[in-house]
Amino acid sequence: LLTVISGYSEALLEESEDAQPELNEIAAAAERATILTRQLLAFSRRQVLQARVVSINEIADGITPMLQRLIGEDVDVEAFLDAKAGNVLADPSQIEQVLVNLVVNARDAMPNGGKLTISTGIVELDQTYVDQHPEASPGLHAVLAVSDTGIGMDEATVARAFEPFFTTKPAGTGTGLGLSTVYGIVKQSNGTVWVYSEPGHGTTFKVYLPAVQDAAEVARPEEPKPDATGSETILVVEDERPVRNLVTLTLRSRGYQVLAAETPAHAIELAAGEPNLSLVLTDLVMPGTNGRDLADQIRQQVPGVRVLFMSGYADEAVSRNGSLDADAAFLEKPFSAGGLATKIREVLDSPAAVAVS
């Protein structure tokens, strides 16, 4: 629904000058609803993650300068990054979101300023620890910790800290979804998060993520955005008619030849009859066959065809933990017309199609 609302309001904004204020209000409301929905999906562990091997230190070090600007000058930020912290298998953008949410929560707990510490480390969780913390798993874990010198929390508040919509802030100043989002992301990344706090003595959040021995992937430098138009043939597979129509309209307006399918079976039929098919844009979650399986079937018919997945959430049909292969092209719903066109061009211009495991 948000894809349709956002997409058509954007299309009208491009064409109409008579109702700009009203359309801007619609677009802004859709954006706020998008943020809220993504937070709820994170808590319920139904986001689509693109996990890869990353250095926990690189994530923390890379985002710390931005965090300093985010929290203001009255809070001192210190970072202690253990060189032995190692690597984890996670979606780096989601781990950044975890860190941002924890830091914002710490800032709000220090209305008169204070000290915030970000640290990393490595720890072996033994059976004794697991017995005391049932959600944890034994083994070697990288640790990401955020500590503050703020007002702290009592036991009753700590017990509800990760509960959706629970907040101690005044009405209208918070959604109560920041920490529940942290919880969902960490759990979907096979980790655990714990909070330690006392009134008047600050708070520490510790995130434990299973350590991996594989080498961290090097972040790819951002390339200039390509011209977001083209003439290639694209197969759009989407079971929701309004979304399918919106995507078809957007791509045809930018010069592409578009085939539209409501079902995976129809998509396979269309692909078989189109020798010049360049790209399949498919929803991940559909009745019958999920997008991953559909992509594999079409690749057998059209070797080398590129595939771009789109979805707003994951379910068990996608994979056991809602993850996509790190190299799979993915577009998160809701998306803008410009974002869709840019991603389409990026995938079409990629060196080769990437198989999905």
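**Around the largest cavity**

Modeller: Lining the largest cavity are G7, L246, V247, T250, F335, S336, A337 and L340. A cavity here is a set of points on a 1 Å grid over the protein atoms alone where a 1.4 Å probe fits but cannot get out, and lining residues have an atom within 4 Å of a point. Keep in mind that this is a predicted model, where local features need pLDDT of at least 70 and side-chain atom pairs 80 or more, while totals for chains, interfaces and linings use all residues. Residues are numbered from 1 along each chain as written, and side-chain values use heavy atoms, leaving out hydrogens and water.

Two elements each give two or more residues to that lining: α8 (241-252) and α11 (337-348). Helix α8 supplies the largest share, three residues. (Helices are DSSP runs of H or I, at least four residues; strands are E runs of at least two; both are numbered from the N terminus.) Sorted by class, the lining has five nonpolar residues, three polar ones and no charged ones; Gly counts as polar.

How much space is in there? The largest cavity holds about 40 Å³, taken as the space filled by probe spheres set on the grid points. Searching the whole structure turns up two cavities of 30 Å³ or more.

Now follow the chain into α11. The loop between β14 (329-332) and α11 is where P334 sits, and a cis peptide bond joins K333 to P334, with omega about -10°.

Zooming out, the protein chain has eleven helices and 14 strands, and 47% of its 357 residues are buried, meaning under 20% relative accessible area with a 1.4 Å probe, protein chains only (exposed is over 50%, partly exposed in between). The largest nonpolar core has 38 residues, and L99 and L116 have the most contacts inside it. Helix α4 (residues 92-108) gives that core its largest share, seven residues. Leaving aside residues up to four places away in sequence, L99 touches A60, I63, L67, I118, L144 and V146, with contact meaning heavy atoms within 4.5 Å.

Two loop residues are worth a glance too. F165, in the loop between α6 (155-159) and α7 (178-188), has a positive phi near 70° despite not being glycine. N190, in the loop between α7 and β7 (192-197), also isn't a glycine, yet its phi is positive, about 65°. F165 counts as exposed because its relative accessibility is 52%, and N190 counts as exposed at 52%.

Technical notes. Core = buried A, V, L, I, M, F, W, Y, C linked by side-chain atoms within 4.5 Å. 1 Å grid on protein atoms, 1.4 Å probe; cavity = no way out; pocket = protein on both sides within 12 Å on 5 of 7 lines; lining within 4 Å.
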